[in-house]
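Try each task before you read its solution.

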Amino acid sequence: MKSRARVFSTVVTAIVTAACLCAPAGASSMPLTDTSARVASFTSTSEGDPSGIHTTRPSVLGEADEGGNLQVSITSITPTVLDDTSTLTVSGTLTNLSGAQATSSTVLRLFMSVHSAVAAPDLSAYFSGHTDAGIPVAERTIDRQLGPRQKVGFTLSVPAEELPLDDSFEWGPRGICVQALATTDEGDIDGEDRSVVVWDSYYERQQTPISVLVPFTSTQAFGSTEQWKALSELARTPGVTLAVDPEALTSFVRTGILDADGRLRSPTATADQAQSAGTSAQPQSTAPTSQSQSTARSDSDSASPAQSGKSSQPEGTQSGSANGTAADAGSQSGDQPQSGSAGPAEMTPFPHWPSPRYPTPSWWHSPATSAFVSRALDTLVGSGGQVVALPSMDADPARLQELGDERLTELARESMSVFGTLSTPEQVVNQAGQADSTTSRTGSAQSVSVIGSVLWPRSSTFGLSMLPESTGRTIIAPAGEVAPPEDASFTSVTRVEVDADDGHTHTEGASDSTRTVLTSTRELTELLAWDAPTDSDELDARQAAQAMGALITRQLPNIARPQLVTVARNTAVNSELVSRIRSLTQSDWMAPRSFAEIATSEPTDTEREDVHPTPEVPDHWEHTLHTLNEVRAQVAALATALDEPHQLTSVVNVAMLNAVSAGHDDDHAIEAAKNLQGAISELYSLVHAEPSATINVINKTAAFPVRVTNKLPWTITVTATLKPDDARLRATPSAAQPLEANSTGNVEVPVQAIGSGNIDVTYIVATPRGTILDSSQSVMVRLRAQWEDIGTWSIAGLVAVAFCVGLIRNVRSQWRSRDPLVSSRRKHTHSDDGDTP
């Protein structure tokens, strides 16, 4: 049984991982039977780490500025929100990139714009240097002559009364700029860096309700301690909702952060097990807990004292953050790692899960699975929280519709059964209201609410065609889609009711003919997703996110306009993301709300852009669909010969769901489809005829033995026949014969010989329905048919009889010639004949 389970695990891992593209180039050509090499090749690459994916500079930050030959980098702004009593402190670094020795001191000047930005293009223009830096508000001289590549820190401070903060209506984002100037023998060197700070005059306004939806799916879940800390902090941050697929949380079981019951292990054990699983357990920096703290990145060697906003401690230790609460809950439960248990990398903790990484649909329906997911969400999110449920492997619902496979579409819906009871946003809001009154009486909080009626397609698949089939569902549009007109002077509410037939905005509210679409601002999505390369860039992203929130509120301060911000898929879940989201949501002009509250808020009463027609399926995707259809046909043909066909089809279906994952681009789908097809072809090769020596056939009819090996982990029923290259041998397909898993047996093929000679014969192994599994083996057959021997003996017998007859006649003739009586009679007869006239 253990051997069979190991083979099954190997096959499952090979199939699904082929679709997930975990293997390096060329790994798909390895023989499936070489289990150790194949599994190693599929698991050698760390999966899910999205670092480096979102490297395009956000549009709101404008064009990247070279900064001149005297590089200025602003790395800290304190406070990030100014008021009338604040002292603005700007810190950073200066680096001489000119290659020449400075011959003078360096003069620094701090500028601030006089007017607040009113739209995202204003911020972009300021960051790009297309608008004036503002008026000078502070100056300082660094009495140091910088040599080539030499770096020095700086700090500039100025009280609020010396800043251009006069008109309270002008509250909002203000650009700040630090310029530097020095002299060398070759001339002047200069540079500047720009950022933004928000001035809050506490002007009368309505807070903007805001919710941030953060995806955490199997494409980005790699189970590190740092990821768990950031995720738990996000999950417990007001206004943040996680969107997860069924496989995402299991990454923390594989690395030992969660146990198989979904509870957090002790912090010490967590760090040790994460290290043994290949994740980082080295001392890391915790996320800053105040907005004045900066993130240490590539400029960590700066001399600025304001850059030490992070405190170093080993990962997995408890802190004062929300993650500490989760860790406390886990350790108080008394769940310590069991001694002698398997290492996290080898853990297979769930029933019906033959692979260390991927489940089969039977796992979704296991009571133990639902219990695990429920406890894990409770550990992560906490009682009273919300999550949005996504289908297995984050399958794109619009792509599934294009594929036109009802079984896969149903499978995607079925996979969400692991979350238990699913609710709509309306039900969650109603339940929350009831729970509030219950909590006030009993003091107990509700469990995690799981919203299962959300469709979140990729930008390349979102379009008009998905609306008719989305009754009762909430559709999340890609950031920037269904946007207000270009001449709109404010950012409208996030909820839009659109006509299911033409995608036009329905300004009278929801009806039976409309669908709910949630829109989001593209600039904020870009800011949250960006993989900032330096400290200065990270600060700009965090400051710009805060400024965008203030800008949206200031555009129409007397009307609260609910906003949803979607984080792009594959965004790195780390401390930087936590800091940016908190900068956006935890400001006085923002009111954090749950996803359900935003989804059920009042829809817009202003016109928006129509939902555009669904983009035409690209030619390469047509080819991918064709490949996936071929895979499905191959699997269906092979499954008909298996005693337990669902064990194969279910795993392949999960792999196909991954091939259409919304977390991957079309290039992934193409490669995944090819690799999956290769894996299925290798499965076919596991059932094959064994080579044979020359075979003699000396009878007219015979039972021709074909030795067939089945290396699959399942029992399969096969037939065998022969394909001779000469008509002197005729074969009839054998009767269907079952072969046990990992066994070899003889299958007898009825043959008829009608001649003699030497001919080549090819073995054909097939399913009972005629699908060929193997035709790679051939054998030399010598025919000595029985009818030919009978004919030879018959002719020989006739010759012998003729010889005997002739011999007898000759003997009789000689005997008669010697008899006297016969001789006289002959003479008399002759004389009588002579006397006749």
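**Exercise 1.** Find which helix gives the most to the lining of the second largest pocket, then describe that pocket.

*Solution.* The model is a predicted one.
- Start with the helix: H13, residues 522–529, gives the most, with four residues.
- Next, take the whole lining, which has 26 residues. Nearest the centre lie His-54, Ser-459, Thr-525, Ala-568 and Arg-569.
- Sort the lining by class: eleven residues are nonpolar, eight polar and seven charged.
- Finish with the volume, about 690 Å³.

**Exercise 2.** Work out how helices H11 and H18 are oriented where they pack.

*Solution.* 
- Locate them: H11 spans residues 406–415 and H18 spans 646–659.
- Read the geometry: the angle is about 85° and the axes are 10 Å apart.
- Angles of 65 to 115 degrees count as roughly perpendicular, so H11 is roughly perpendicular to H18.
- Name the partners: Arg-407, Leu-408, Leu-411 and Ala-412 of H11 meet Asn-653, Val-654, Met-656 and Leu-657 of H18.
- Class them: six are nonpolar, one is polar and one is charged.

**Exercise 3.** Arg-149 and Met-393 both have a positive phi without being glycine. Decide for each: buried or exposed?

*Solution.* 
- Arg-149 has phi near 65°. It sits in the loop between strands S5 (135–142) and S6 (151–159).
- Exposed means over 50%. Arg-149 has 62% relative accessibility, so it is exposed.
- Met-393 has phi of about 55°. Its loop runs between strand S13 (386–389) and helix H10 (397–403).
- Buried means under 20%. Met-393 has a relative accessible area of 0%, so it is buried.

Conventions: Residues numbered from 1 in each chain as written. Predicted model: local features only at pLDDT ≥ 70, side-chain atom pairs only at ≥ 80, totals over all residues. Heavy atoms only, no water. 1 Å grid on protein atoms, 1.4 Å probe; cavity = no way out; pocket = protein on both sides within 12 Å on 5 of 7 lines; lining within 4 Å. Points joined across faces, edges and corners; volume = space filled by probe spheres on them. Helix = DSSP H or I, 4+ residues; strand = E, 2+ residues; numbered from the N terminus. Nonpolar A, V, L, I, M, F, W, Y, C, P; charged D, E, K, R; others polar. Axes fitted to C-alpha atoms, helices over the stretch in contact; angles between N-to-C directions. Parallel < 35°, antiparallel > 145°, perpendicular 65-115°, else oblique. Contact = heavy atoms within 4.5 Å. Buried < 20%, exposed > 50% of the residue type's maximum accessible area, 1.4 Å probe, protein only.
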